[in-house]
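Reader: I would like to learn how to read the contacts between chains in an assembly like this one. Could you take me through them step by step?

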There are 6 protein chains.
Amino acid sequence: MAKKKPASLSCVTMTELVLPNDTNTLSNLMGGRLLHWMDIVSAIAAQKHSNRIVVTASVDNVSFSKPIPLGSVVTLNARVTRSFNSSIEVYIEVWAENIPSGEKIYSNTAFFTFVAVDQSSKPIDVNEVIPETDKEKELYDGALRRRQLRLVLAKRMKPEDANELKSLFKLD
Amino acid sequence: MAKKKPASLSCVTMTELVLPNDTNTLSNLMGGRLLHWMDIVSAIAAQKHSNRIVVTASVDNVSFSKPIPLGSVVTLNARVTRSFNSSIEVYIEVWAENIPSGEKIYSNTAFFTFVAVDQSSKPIDVNEVIPETDKEKELYDGALRRRQLRLVLAKRMKPEDANELKSLFKLD
Amino acid sequence: MAKKKPASLSCVTMTELVLPNDTNTLSNLMGGRLLHWMDIVSAIAAQKHSNRIVVTASVDNVSFSKPIPLGSVVTLNARVTRSFNSSIEVYIEVWAENIPSGEKIYSNTAFFTFVAVDQSSKPIDVNEVIPETDKEKELYDGALRRRQLRLVLAKRMKPEDANELKSLFKLD
Amino acid sequence: MAKKKPASLSCVTMTELVLPNDTNTLSNLMGGRLLHWMDIVSAIAAQKHSNRIVVTASVDNVSFSKPIPLGSVVTLNARVTRSFNSSIEVYIEVWAENIPSGEKIYSNTAFFTFVAVDQSSKPIDVNEVIPETDKEKELYDGALRRRQLRLVLAKRMKPEDANELKSLFKLD
Amino acid sequence: MAKKKPASLSCVTMTELVLPNDTNTLSNLMGGRLLHWMDIVSAIAAQKHSNRIVVTASVDNVSFSKPIPLGSVVTLNARVTRSFNSSIEVYIEVWAENIPSGEKIYSNTAFFTFVAVDQSSKPIDVNEVIPETDKEKELYDGALRRRQLRLVLAKRMKPEDANELKSLFKLD
Amino acid sequence: MAKKKPASLSCVTMTELVLPNDTNTLSNLMGGRLLHWMDIVSAIAAQKHSNRIVVTASVDNVSFSKPIPLGSVVTLNARVTRSFNSSIEVYIEVWAENIPSGEKIYSNTAFFTFVAVDQSSKPIDVNEVIPETDKEKELYDGALRRRQLRLVLAKRMKPEDANELKSLFKLD
């Protein structure tokens, strides 16, 4: 029987400085570099939850809203939301801070999904997640719907079978 | 009036070698590094189409299926699918090749969306895309549906207004 | 008159993954890479405290005790301890975590000192530090002694004038 | 019985160009990058002296005096000063050169200490150092005092037992 | 008996973005970085032809004509020209594109030579090259002359024995 | 009238450690990385001679003979040989050292040529080179022949006009 572990034990905070090679010709952080950091911080959160090596299985739709200029301090917070057998969903929030002005802006959020594997790369079941705060419970509850969307988009589930997902479109 | 430009003129091929720092503890390519490469190659495709500086606006759901080991040659092909005002959608296909064995595996596909901007970072309209091959036409036709899904997920469109998207769920 | 700001507002947590290029031929983290990370995290703490650009003025004696193997997760916590005019001392604690085993080891601590500067690189006075917890008060109280040791070692203060420092040797 | 080897046989010169990613927002070299280079050049000197793998044990107090701008050529010279069983102290001098002007400025000096280890990471005794020049003899003579300061600061020696160190404060 | 394989099967296209760390103080791409990229793309072409690990044996004279500014897109095309036992010659063409202006300039060409090796690093014979286009045939025909020049320059062939090479100087 | 400056004043020594990302799948240093280092060290030598910004004009034929394994210490020595108007030829010698064994192997030599430019990127005449040692005189004397070979290979000189070069083939 799977053990259970609070979501909060997987929390990871990562802080990065936006250096010249991370920026585009407008001197703003490139989206791809941010995705790279998001993958690393969420992989660490998934590893802390599972005490296993994890491999990235998918990233959900990510939107980038505001430019993050050179020299900014980027803070990424990650924590697991829910697990399904060997699969672990991680929620990441990103802020950017302009140090001289002290202004801190919300950048974006994302969901990365990982598969826990053993040394021979075979999937292995992981601890269940115990959500404690209201936010954690909300993320836990939405996890099934997001999972169905992922499976539909990857053509591994028929849209008409995605019962949870349909509710997003208020169709049932 | 916007000019039109064939999708094929935006084609970019990028080849990368998987080096030690790109890999996880199982010596396979980390998902975040691949996302970083996908962002760069698709930004170049969007720039070739628009002759403008572009900034990453979003990445759609990406799934990673097979591990790509250290030393592999990763080939990324990107081309624009369709534009909407200042917004440009790019389609990327990724292959990985184990050189000694000569085995080439399909890794994954993705859609990145960019916004073309002028020197003061303000959005600016771009060329329309002319799809020519069957594949290009199929990608062009699906672009509106993917755009609606992005807007719904970013909470900038109500699900009930996403007419194109509903067809995905065969509900209308 | 200088403003005062609690030490806790400057807290920064940085998380890094030990990748192959960070390691020596025994596959353990190189000391120089860790010093580099310590400088970045403490510079960010000093910037958060001062809302100024800061430049590294000195690093105190740092000891490295236990090897940190490839694949470890390194967590660095930094917070300011005390300021002297334009000079800011930052305290950093480093832990290393072996994710599969869940073992977390204390690695080391260090003190980095920064000078806050204006856009023309001239030193500028910064906020004073308000220590709140017992640990913060202890760090605040020891700051003068460490400052004297730095000045003596840099030959900018005569040993016999370093009154605070002498107490370290229980000589007065 | 340990062999003896002249200090000069361990000399290493390293030259680095200050590139954009090495600089802070004032376009000057970051202290942490310089510490990283100092660790590498001194580790090589310790390896040349001992013909062993070495691991960084400590870095003594380092002060950074003058800013080193982007595009500068940084020259680091390292040589061993003295060994104590498996421990090797290395002295590093750093210069920075502004090539177009031909101006060469002295940046700083530092002492790094390494432990020589065998393939199973166990400390192993190394060659003794033969100082030949006046400068080498002065560095050799000061090594014991610096070693005591390190041990006191690391709380591995009582200040009152640090006989050599006390002389620094002219107290005996 | 060695197998034969068309030159076109070894074609590799690599696309790189010129980032700040790739540039000199005039913000143009450094020659050394371009040589690094040329080595990688041509090594991949040689591996695709031989299905072997390859090691760089030599690079022929390379001239750099026009500066390539920061933010440019550099495209490298590589294909094998001819093989001699375990040795494989690769031809590389480099273009640079200023995306906003759409201007694409020819940068340079080069020849890299590789040796195919087995797992114990011993040279091993490779497929012969079948040239198909006129350009491929011209490159194939010139390969022997270039090979003699390499051997003469490496002092492994006497100039007077380099019959093919002499024709370059129209002396026979 | 151009000033004259001894070759020895341009000497630069660079030391690099072979890290995992510098190696191929056999764990030996990649040729392209070594070329990158050679370009940097020789550019510094050319800058020291000319007190000007320099840009890489060409690299002569380089051969790589022996594999340099991971963890090796690579030492590069560069010095100018001769100048022609705004053009500066630099000679580089490369050694690789296996530290635990103490074995130092000669790797290769190369000639890089640079053009000195002013702030608007226009070529500008530089100091003449004074060769002092026998080795420097030999390098100085061969410079014209190498220059003719470069011009012939770049199709900027007719082979029949390359009088110095012909002597290489003992034809006159």
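**Reading the contacts between chains**

Author: We can start with one pair of chains, bearing in mind that this is a predicted model. Across the interface of chain F and chain D, two residue pairs are found in polar contact, both at pLDDT 80 or more.

Reader: Which elements of chain F supply at least two residues each to the side that touches chain D?

Author: Those elements are β2 (12-17) and α1 of chain F. The most comes from β2(F), which gives six residues to the side of chain F that touches chain D. Sorted by class, that side of chain F has eight nonpolar, five polar and four charged residues.

Reader: How should I express the size of such an interface, and what are the values for chain F and chain D?

Author: The size of an interface is often given as the accessible area lost when the parts come together. For chain F and chain D the buried area is about 1500 Å², with 64% of it on carbon and sulfur atoms. In terms of residues, 17 of chain F are in contact with 17 of chain D.

Reader: How many salt bridges does the rule find across the interface of chain F and chain D?

Author: Side chains of opposite charge can pair when their charged atoms come close. The rule finds two salt bridges across the interface of chain F and chain D. A salt bridge joins the side chains of D:Glu97 and F:Lys48, with 4.0 Å from N to O.

Reader: What does the interface of chain B and chain A bury, and how much of that is on carbon and sulfur atoms?

Author: Chain B and chain A bury about 3300 Å² between them, and 67% of this area is on carbon and sulfur atoms. The contact involves 37 residues of chain B and 37 residues of chain A. Across this interface the rule finds zero salt bridges, while eight residue pairs, both residues at pLDDT 80 or more, are in polar contact.

Reader: Which elements of chain B each supply at least two residues of the side that touches chain A?

Author: On chain B these are α1 (31-50), β3 (53-59), β4 (62-63), β7 (103-117) and α2 (134-153). Among the elements of chain B, β3(B) gives the most to the side that touches chain A, with seven residues. By class, that side of chain B has 20 nonpolar, eleven polar and six charged residues.

Reader: At what angle do α1 of chain A and α1(B) pack, and how far apart are their axes?

Author: Two packed helices are described by the angle between their axes and the distance between the axes. Helix α1 (residues 31-50) of chain A packs with α1(B) at an angle of about 170°, and their axes are 8 Å apart. The two helices α1(A) and α1(B) are therefore roughly antiparallel to each other, the cut-off for that description being an angle over 145 degrees. Their contact is made by A:Gly31, A:Gly32, A:Arg33, A:Leu35, A:His36 and A:Asp39 of α1(A), together with B:Gly31, B:Gly32, B:Arg33, B:Leu35, B:His36 and B:Asp39 of α1(B). By class, this contact has two nonpolar, six polar and four charged residues.

Reader: At what angle do the axes of α1 of chain C and α1 of chain D cross?

Author: The axes of helix α1 (residues 31-50) of chain C and helix α1 (residues 31-50) of chain D cross at roughly 170° and come within 8 Å. That makes α1(C) roughly antiparallel to α1(D). Among the residues that make the contact are C:Leu35 and C:His36 of α1(C), and D:Leu35 and D:His36 of α1(D). The contact of α1(C) with α1(D) has, by class, two nonpolar, six polar and four charged residues.

Reader: How are α1 of chain E and α1 of chain F placed, roughly parallel or roughly antiparallel?

Author: The axes of helix α1 (residues 31-50) of chain E and helix α1 (residues 31-50) of chain F come within 8 Å and cross at roughly 170°, and α1(E) and α1(F) are therefore roughly antiparallel to each other. The residues that meet include E:Arg33 and E:Asp39 in α1(E), and F:Arg33 and F:Asp39 in α1(F). By class, the contact of α1(E) with α1(F) has two nonpolar, six polar and four charged residues.

Reader: How far apart are the closest C-alpha atoms of chain B and chain D?

Author: The closest C-alpha atoms of chain B and chain D lie 18 Å apart, and no contact joins these chains. Chain C and chain E do not touch either, with their nearest C-alpha atoms 18 Å apart.

Methods:
Residues are numbered from 1 along each chain as its sequence is written. Chains are lettered from A and ligands numbered from 1 in the order in which they are written. This is a predicted model: local features need pLDDT of at least 70, side-chain atom pairs count only at pLDDT 80 or more; totals for chains, interfaces and linings use all residues. Side-chain values use heavy atoms; hydrogens and water are left out. Axes are lines fitted to C-alpha atoms, for helices over the stretch in contact, and angles run from 0 to 180 degrees between N-to-C directions. Helices (H or I, at least four residues) and strands (E, at least two) are DSSP runs, numbered from the N terminus. Angles under 35 degrees count as roughly parallel, over 145 as roughly antiparallel, 65 to 115 as roughly perpendicular and the rest as oblique. Contact means heavy atoms within 4.5 Å. Ala, Val, Leu, Ile, Met, Phe, Trp, Tyr, Cys and Pro count as nonpolar, Asp, Glu, Lys and Arg as charged, and the others, Gly among them, as polar. Buried area is the accessible area (1.4 Å probe) that two parts lose on being put together, summed over both. A polar contact is a pair of N or O atoms within 3.5 Å; within protein, one must be able to donate a hydrogen and the other to accept it, and residues adjacent in sequence count only if both atoms are side-chain atoms.
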